[in-house]
Amino acid sequence: MSDRIPATTDKKPAPQADIINIHTLSVHVNNQPGVLGRICAVFSRRGFNIESLVVSQTRDPRFSRMTIGISGHPEGLHQIIMQVNKLIDVIHCVEHTDRDAVAKEMVLVKISAGPDQRTEILQIVEHYGGKTVDLQEDSLIAMITGNTDKVDAAVRLLSKFEIVETVRTGKVVMARGLETT
């Protein structure tokens, strides 16, 4: 047997089924090793892909909150939520929408920029309520927070400059009113 990677072929990839949108789940869990792996296995078995993942400890260090953005067939979502809720160390798993929760994310954008481009870049960053968090002679890093559409729009406008890299947090959500997330 050869350890070589086979050459690519002219075979076209299999067509993917239509995916409606990204669903945002909030999963409250015991802060224990292995919990994330068990949750990811449920998504994988059901053909869902994790698009974003944010995990942090809650105010009580015994627990963590996971905010997971997943894509897949909407008809399987209810089943996934039920299966995740049955896992050991999961306190509860719920889907959140814009109607019942506040969702925000952050992006850091590193842009190659000389002095002649900075003014326009800074105007775009300011328009989107962002901040410059690092400034060098040949580059800057901007931080922009908000809903996904706002972050996407800012990155789209900044893409007319040379973007060196972007790093996004993924969504974090909190239930509106007194309901717990």
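## Asp-89 and the sheets around it

Asp-89 is buried, at a relative accessible area of 19%. Buried means under 20% relative accessible area, exposed means over 50%, and partly exposed lies in between (1.4 Å probe, protein chains only). The residue sits in the loop between helix 2 and strand 4. Its phi is positive, at about 80°, although Asp-89 is not a glycine.

This is a predicted model, in which local features need pLDDT of at least 70, side-chain atom pairs count only at pLDDT 80 or more, and totals for chains, interfaces and linings use all residues. Residues are numbered from 1 along each chain as its sequence is written, and side-chain values use heavy atoms, with hydrogens and water left out.

**Overall layout**

The protein chain holds 4 helices and 9 strands. Helices (H or I, at least four residues) and strands (E, at least two) are DSSP runs, numbered from the N terminus. Their order from the N terminus is β-α-β-β-α-β-β-α-β-β-α-β-β. Of the 181 residues, 35% are buried. Among contacts with a separation of 6 or more, 71% join residues 24 or more positions apart. A contact means heavy atoms within 4.5 Å.

Four strands form an open antiparallel sheet in the order 2-3-1-4. Strand 2 (49–57) and strand 4 (90–96) are the edges; each has a single partner strand, so one side of each lacks a neighbour in the sheet. The twist averages 20° from one strand to the next. Angles run from 0 to 180 degrees between N-to-C directions, using axes fitted to C-alpha atoms, for helices over the stretch in contact.

Two helices pack here. Helix 1 (residues 35–45) lies across strands 1, 2, 3 and 4, at about 25° to strand 3. Helix 2 (residues 77–86) touches strand 1, strand 3 and strand 4, and its direction makes about 160° with that of strand 4.

Val-35 lies in helix 1 and is buried at 2% relative accessible area. Leaving out residues up to four places away in sequence, Val-35 touches Val-29, Asn-30, Met-66 and Asp-89.

His-23 belongs to strand 1. This residue is also buried, at 8%. Its side chain makes a polar contact with that of Glu-95 at 3.0 Å. A polar contact is a pair of N or O atoms within 3.5 Å; within protein, one must be able to donate a hydrogen and the other to accept it, and residues adjacent in sequence count only if both atoms are side-chain atoms. Beyond four places in sequence, residues touching His-23 include Ile-68, Ile-70, Pro-74 and Leu-77.

**Strand pairings**

Two strands pair if DSSP finds at least two bridges between them.

| Pair | Sense | Bridges |
|---|---|---|
| Strand 1 (residues 22–30) and strand 3 (residues 63–71) | antiparallel | 9 bridges |
| Strand 5 (residues 101–112) and strand 7 | antiparallel | 8 bridges |
| Strand 6 (residues 131–135) and strand 7 | antiparallel | 4 bridges |

Asn-30 stands opposite Phe-63 in strand 3. In strand 7, Gly-146 faces Glu-105 and Ala-142 faces Thr-132. Strands 6 and 7 form a hairpin with 3 residues between them. Strand 7 (residues 139–146) has 6 of its 8 residues buried, so the rest of the structure largely encloses this strand.
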